[in-house]
Amino acid sequence: SMWESHRRVVIATDAGIDLRTGLAEHYRILIVPRLFRAGDEVHLSATGPRQFAMNESLSEILPARSEDFINAYSQVERAHIIMIHLSKIFDNAADEARKAQILLGNRQEIQVFEAKTTEAGVRFLVETVSHFVQQAKSPSPGQVLSFLKQVGQELGTYVFVEDPAGAPIAK
């Protein structure tokens, strides 16, 4: 029915996707922290690779762990979480997100969307879908997912390059 209540939608991704500064706060995006190695040190961080770029030793992202997903999911109450990740060809985050989803069972409504695009493309998707959720004033999970699939399919036809400001531009 028209008055059918649904859980609010929370857009989420992992810290391997380098979102622009302030974006996660602005759209209230859930960021699952990732392990990064910088020199001899390993950090669990939710802010993404960019913060380690200041380090002379190039940082590398380590494989995702399902327990970090479970911890992040448990911070969110009564919401429908839509995870957006790189294709598993490039990274294991989507697989670990699904593992966490199975381990949590019905305690949390989670959908994992694996984007068939580059990292810049995933960043664009997260931004665009988060903007849609904010503008649409409490859309249903179904509406958000169909928007995501639609944009995701279109993205498949673009090659993304980084502009100097770090924003993705479609060529």
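Residues are numbered from 1 along each chain as its sequence is written, and side-chain values use heavy atoms, with hydrogens and water left out. The mean pLDDT (the predictor's confidence in each residue, from 0 to 100) of the protein chain is 84, and 81% of its residues reach 70 or more. Where pLDDT is low, the predicted coordinates should not be read in detail.

An open sheet of four strands is arranged in the order S2-S1-S6-S7 with parallel pairing; two strands are taken to pair if DSSP finds at least two bridges between them. S2 and strand S7 (109-115) form the edges, each pairing on one side only. From one strand to the next, the twist averages 25 degrees. Seven bridges link strand S6 (residues 79-86) to S7 in the parallel sense, and His80 has Glu109 in S7 as its bridge partner.

Helix H2 lies across strand S1 (8-14), S2, S6 and S7, and runs at about 155 degrees to S2; axes are lines fitted to C-alpha atoms, for helices over the stretch in contact, and angles run from 0 to 180 degrees between N-to-C directions. Helix H3 also packs on the sheet, where it touches S1, S6 and S7, and its direction makes about 165 degrees with that of S7.

H2 (residues 66-73) and H3 (residues 93-104) pack against each other at an angle of about 60 degrees, their axes being 8 Å apart. The two helices are therefore oblique to each other, given that angles under 35 degrees count as roughly parallel, over 145 as roughly antiparallel, 65 to 115 as roughly perpendicular and the rest as oblique. H2 passes H3 in a right-handed crossing (the near helix is turned clockwise from the far one by less than a right angle). In contact (heavy atoms within 4.5 Å) are Ser66, Phe69, Ile70 and Tyr73 of H2 with residues of H3 including Ala93, Ala97, Ala100 and Leu104. The contact comprises eight nonpolar, two polar and two charged residues, where Ala, Val, Leu, Ile, Met, Phe, Trp, Tyr, Cys and Pro count as nonpolar, Asp, Glu, Lys and Arg as charged, and the others, Gly among them, as polar.

A further helix pair consists of H4 (residues 119-135) and H5 (residues 141-155), whose axes come within 10 Å and cross at roughly 145 degrees. This crossing of H4 and H5 is right-handed. Residues of H4, among them Phe124, Leu125 and Phe132, meet residues of H5 that include Val144, Phe147 and Leu148. The contact of H4 with H5 has ten nonpolar, four polar and no charged residues.

An open sheet of three strands, in the order S4-S3-S5, shows antiparallel pairing. Its edge strands are S4 (41-45) and S5 (60-61), each of which pairs on one side only. Strand S3 (residues 34-38) is joined to S4 by five bridges, the two running antiparallel. Arg34 stands opposite Ser45 in S4, and Ala38 is the bridge partner of Glu41. S3 and S4 form a hairpin with two residues between them, and Gly39 in the turn has a positive phi of about 65 degrees.

Conventions
This is a predicted model: local features need pLDDT of at least 70, side-chain atom pairs count only at pLDDT 80 or more; totals for chains, interfaces and linings use all residues.
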